[in-house]
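Me: Hi, I'm new to this one. Can you walk me through it once it's on the screen?

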Amino acid sequence: MVLLMLIGLPASLWCWRHLSLPHRYPPATKLITLTATADGGIWTQDPIVGYNYWWRRPNRTEQVILNQGEHVVVRVRSADLLHSFAIPILRIGPLDVPAGHTLEVEFDAKRPGVLTFLCWQVCSPEHGRLHGRFVVKGDATEEGW
Amino acid sequence: MATANQTIPSFVPVETLAKPWRKDVFACWPWLKRLVKMRSFQFLVILPNLFLFYLFLIAGVFGTPVGNRNIIIVFVWILWWFVLIAAMVPFGSRLWCTMCPLPFFGDWLQRGAVIGVRPGKSAGTENTFFGAWRRWPKQLSNIWLQNFGFLFLATFSALLVTRPIVSALVFGVLILLAAGLAVVFRLRTFCNYVCPISGFLSLYSMTSTVELRSTDKDVCLKCKYKSCIRGSDKGWACPWNVYMGKLDRNNYCGLCFECVKSCPHDNISLFLRPFATSDVGLRGYDEVWKASIMLVLAFTYSVVLLGPWGRLKDWANVSEVHNWRGFGLFAAGQALLALVVFPGLYYLSVRLAKWYARADSISTKELFLKYAYMLVPMGLLAWIAFSVPLIMVNGSYIISVASDPLGWGMNLFHSSEFAWAPLYPASVPFIQVPILLAGLYYGLRGLHKVGSGLFPDPQQLYRSMTPPAVLLLGTTLVFMKLFIG
Amino acid sequence: MNGTVPNAARATLLRAIQIEARNGIVYDSLASLFQGYDDSVTDIFLEMAAEERQHGAELEQRYGERFGALPSPAAEPTEVIEAPDLEDPEALIFDSMTIEQALEAGLRAEEAAREFYIREVERTSDPELQKLYRELGEFEENHVRRLQEKLFEKRRPKDSTLRSS
């Protein structure tokens, strides 16, 4: 029983994260997790969790490549402070992302182009660096955003 | 027990003038006795906590670093802490030790069994144990290690109770330590001498309303095999090394109920008794310092975690603010207060008591040990008063975290976005003050009870009580000033 | 009345034999408790266990001389006249047991037995029983004296020139 628990619990959590979670969304959904951290003003797709919080050197996410036509779900998280998330060109946000919370933003990458995302709320001295872009690749002849 | 040439005063339980009432719980509720006599009882109460503990460790390492969104912080330092200090200890003695998962793996390795008993002969017991079975060093056979361990952890309390990884690290180390010590040393060495939680549980369980004792001491006297402590084919040797035949205080009885199973005369029972009226003997300086440390920490925790002094919070929050000089001042100040200043004040009050009461027949050392009991109920109730705002202001996090224990964005019970909602925060001081006053009352009552055994003359008794009572009153006023301004 | 006196004396002697036997086992249990802690304490308790068994053997001999063969063991003795016990329930936790304390545990038990028999001498009016109680009292007095001597030996400084009285 104890061994079952020792193996079962982490297995269940892994299953939730990698099997159950993606299946909450329509097929072919592009699932992106973006975490904001005030230290360095970084949006990152790396997990910022307990064990790497103090030693984190997360990779800055400058851009995320999307394909035209993809349905995109962005799970926006904050590792430390109250941040805010917005994609102005899509009129998404600004949406508060309190520390430790997960916010979901959905949109369709209908046209090729560049969609800038940023933290809308002055959260820290590095606030100005909290931005990135979604680059939608597609038919170059089609009109962009 | 001490011989004339021992320098430390011997532990002598103080005889009470009037025995408080006792109610035999097993006699009233035989089903409870049948339950605790089941071999699987302890495993069944430990298993859920083991599961939760494992979840907490995973959450601490792989969950969100945000404290109020991580189950290890919210469930341990808000929920479990409050339930432990406000309910389990005063009403259940060391009930937490009954269900604590920390020694589980150590016991498993040592016993080679989770539920069953192995009869045999292992150095003094009637059971078969595995491991090196070494003797814990005599110099460390006290609670000094626990005193300093708890003080060390308390120095980092601002990190411990807010950073999931720190909590996970500490509990992970404790469980590994428990397992390691069980393989090397005999019985529950970890619980008796190392576990920081056990340290304060041992002290505050003295006030508890329950006790596990032998029903008829004469039966124990006549008992040939002392199975309670040596074990038998029905139960393991007492993991806490307690001899039930003469046990008269709760401090080191971990309520594992093995003795209830192993006693061949069915002579052990659980009793109800009034709060803070029975066990009144502190045994040694280690216990006196424990009382002082805990009382001072209730004060410093209140100042740092609940107080309005931002500078102190910054000093304690060294991992974010990086003010090492400030942290050093905070750590040194706390240690000085707990180890030197407050014990010094208490010692002074004892010296004054001896002088004022002209108590030449009683040594200062004896009075110092005996009167220190007054710090026990006072300390417990000060901790409860500190814990009240913890649960009332932060309790709502329990609801959101239950749905999203790791802060991964789960929503198990559809309450992950339950907003923080403090529960009647304005009423907190009105709850804290009566608790503090209750601490003062029970402290003075304990002082009177101990003093009555030492001074038959009422005038001498009240004179001897005056200086320590003044100290107790002063402590209460300091806490009240802190809590209500 | 004379017909009941031998019975009372026989029962008393039998009880004393059973108590010595029980105490031998108790001392064995106490000895094993301190295994791995303090071997000298274990040795003291083992010595006392051996002495109790020897006392029991001596009493059995007296029983045999007066009343014949020893009957098969009856119910466990219910008296706690001479029952060695630990005074400190936390002695193993604090590893605080010393040889002196082990000897004191035995001394308390033997003194309690001696006092019991002295009281019984004063309580009973029957001369046969009084004679028996006096014998048992002297028996215990010897045990008390021996333990006091051992205790004195342990407490005496090594280079002392004092002699035991």
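Predicted model: local features only at pLDDT ≥ 70, side-chain atom pairs only at ≥ 80, totals over all residues.

Me: What actually holds strands of a sheet together, in general?

Reply: Strands pair through backbone hydrogen bonds, either parallel or antiparallel.

Me: Switching topic: which domains does chain B have?

Reply: The domain assignment gives domain 1 (24-272) and domain 2 (285-484). Their centres, taken over C-alpha atoms, are 24 Å apart.

Me: How many residues of each are in contact with the other?

Reply: On the domain 1 side of chain B there are 37 residues, and they are in contact with 35 residues of domain 2 of chain B. The elements that give two or more residues to the domain 1 side include helix H3 (41-62), helix H4 (71-92) and helix H7 (144-155) of chain B. H4(B) has the largest share of that side, with eleven residues.

Me: What kinds of residues make up that side of domain 1 of chain B?

Reply: There are 26 nonpolar, ten polar and one charged on the side of domain 1 that touches domain 2 of chain B.

Me: Then what about the largest nonpolar core, how many residues does it have?

Reply: It has 200 residues, and those with the most contacts inside it include B:Val242, B:Ala382 and C:Phe45. H4(B) turns up again here, giving the most to this core with 13 residues. Domain 1 and domain 2 of chain B each supply at least three residues to this core.

Me: What does B:Ala382 touch?

Reply: Leaving out residues up to four places away in sequence, B:Ala382 touches B:Leu295, B:Ala298, B:Leu436, B:Gly439 and B:Phe479.

Me: How many residues does the contact between chain B and chain C take from each?

Reply: It takes 28 residues from chain B and 25 from chain C. H12(B) gives the most to the chain B side, with three residues. By class, that side of chain B has eleven nonpolar, seven polar and ten charged residues.

Me: Last one: what sheet do four strands of chain A form?

Reply: It's an open sheet with the order S2-S1-S4-S7 and mixed pairing. The edge strands, strand S2 (42-44) and strand S7 (102-108) of chain A, each pair on one side only. The twist averages 25 degrees from one strand to the next.

Me: In which sense do S1 and S4 of chain A pair, parallel or antiparallel?

Reply: Parallel, over eight bridges, with strand S1 of chain A at residues 29-37 and strand S4 of chain A at residues 71-78. Within that pair, A:Ile32 stands opposite A:Val74 in S4(A).

How values were computed. Residues numbered from 1 in each chain as written. Chains lettered and ligands numbered in written order. Domains from an automatic or database assignment. Contact = placed C-beta atoms within 7 Å. Nonpolar A, V, L, I, M, F, W, Y, C, P; charged D, E, K, R; others polar. Core = buried A, V, L, I, M, F, W, Y, C linked by C-beta atoms within 7 Å. Buried ≥ 20, exposed ≤ 12 C-beta atoms within 10 Å, placed from the backbone. Pairing = 2+ DSSP bridges. Axes fitted to C-alpha atoms, helices over the stretch in contact; angles between N-to-C directions.
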